[in-house]
Amino acid sequence: MSATATADERLAPTSLVRKLLGRPEFGAVVGAAAVFVFFSIAAPTFLQASSLSTILYSASTIGIMACPVALLMIGGEFDLSAGVMVTTSALVSSMFSYQMTANVWVGVLVSLVVTLAIGFFNGFMLTRTKLPSFIITLGTFLMLTGLNLGFTKLISGSVSTKTIADMEGFPSARALFASQWTIGSVTLKVTILWWLVLVAVATWILLRTRAGNWIFAVGGGADAARATGVPVVKTRTGLYMGVALCAWISGQHILFSYDVVQSGEGVGNEFLYIIAAVIGGCLMTGGYGSAIGSAVGAFIFGMTSNGIVYAQWNPDWFKFFLGAMLLLATLLNAWVRKRAEAK
């Protein structure tokens, strides 16, 4: 009788509320709704169509990188070089195209190879040296920061690259990486599309593929995952190369939006990517999170950074709000996870 009861209990359908509470991004969605309502009241211009398009653009520039960073964090690792890697990608593409007087697509492809090599280097060093990812990627961050500035000054004679707007292939590259569409008073930029596609692909990988199971397993415990046959080295290296791929996309967007690149850009942005992922439900200890959560976290960032401006507050308060959201999101995510595990 008890065995039948147990079987029936296991087969009983799970309620919608319980399913929602079990999702890593649940806390972030609640937080996003609260932020949206708050700024809708505090800033009358917040709900204008043009304001929402600006918010989406700000969110997309963070979200493109927050998505692979979230997967990396689910795998139990960090990448402190992600911010400057974006700038490196743009610099390589610009300077190679200009100096070689080649079609800009040649520079774009060279930049892709170089950026992926940086991601592979991070993964290779992590798996071979067994050092913490914090140390490995901090070293890469410092090296790239110096290389970005040093090579730009050496080649261009200044801290920014030369314009490549008149080079062959520039219009088609801009169409792919920096185009925009105007619908009435709303301007939508192509980064929003890139962002949505990347989140969809990352979600599919996490939930529908063997690689997604490997990512969660490695983040939950690398030794245990290795004992069950999970290719830990390949998984970690692939995650770092995924971050590099998205850094390349972001870098090309910067280049073809402004056609010149400042060598000092990107420093500090790696923390924004991590914050968006954590607000979206990723745990610092790995093994838990979602790509959709990172998108919600990036959207919260976009709403906050622009909402403060629309409310005509002092923008110096932005970092305070960002830090407060990080702490609140971390506490809420921990509570949600405990509730999910208890159920």
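1. Accessible areas here come from the Shrake-Rupley method with a 1.4 Å probe. On that basis the protein chain, a predicted model, exposes about 16600 Å². Carbon and sulfur atoms supply 69% of that area.

2. The secondary structure comes to 15 helices and two strands. The radius of gyration is 21 Å, close to the 20 Å from the globule rule for 343 residues, so the chain is as compact as a globular protein of that length. Along the principal axes, the C-alpha atoms fill a box of roughly 80 × 55 × 35 Å.

3. Of the 343 residues, 48% count as buried. Among contacts with a separation of 6 or more, 76% are between residues 24 or more positions apart.

4. On charge, the protein chain carries 20 positive and 13 negative side chains. The centres of these two sets lie 8 Å apart.

5. Helix H3 covers residues 26-42, which is 17 residues. Its first and last C-alpha atoms are 25 Å apart, close to the 24 Å expected at 1.5 Å a residue. The buried residues of H3 are Gly27, Ala28, Ala32, Val35, Phe39 and Ser40. As background to such patterns, an α-helix has 3.6 residues a turn, so residues three or four places apart point the same way.

6. Helix H6 (residues 104-129) has 26 residues and should span 38 Å at 1.5 Å a residue; the end C-alpha atoms are 37 Å apart, which agrees. Buried in H6 are Val104, Gly107, Val108, Ser111, Thr115, Ile118, Gly119, Asn122, Gly123, Leu126 and Thr127. Which helices do the buried residues of H6 pack against? They pack against helix H5 (82-99), helix H7 (133-156), helix H8 (170-177) and helix H12 (232-258).

7. Val114 is also found in helix H6. The C-alpha atoms of Val114 and Ser89 are separated by 7.6 Å, with the two residues 25 apart along the chain.

Note on methods
Residues are numbered from 1 along each chain as its sequence is written. This is a predicted model: local features need pLDDT of at least 70, side-chain atom pairs count only at pLDDT 80 or more; totals for chains, interfaces and linings use all residues. Side-chain values use heavy atoms; hydrogens and water are left out. Helices (H or I, at least four residues) and strands (E, at least two) are DSSP runs, numbered from the N terminus. The expected span of a helix is 1.5 Å times one less than its number of residues. Buried means under 20% relative accessible area, exposed over 50%, partly exposed in between (1.4 Å probe, protein chains only). The radius of gyration is taken over C-alpha atoms; the globule rule is 2.2 Å times the number of residues to the power 0.38. Contact means heavy atoms within 4.5 Å. Lys and Arg count as positive and Asp and Glu as negative; His and the chain ends are not counted. The place of a charge is taken as NZ of Lys, CZ of Arg, CG of Asp or CD of Glu.
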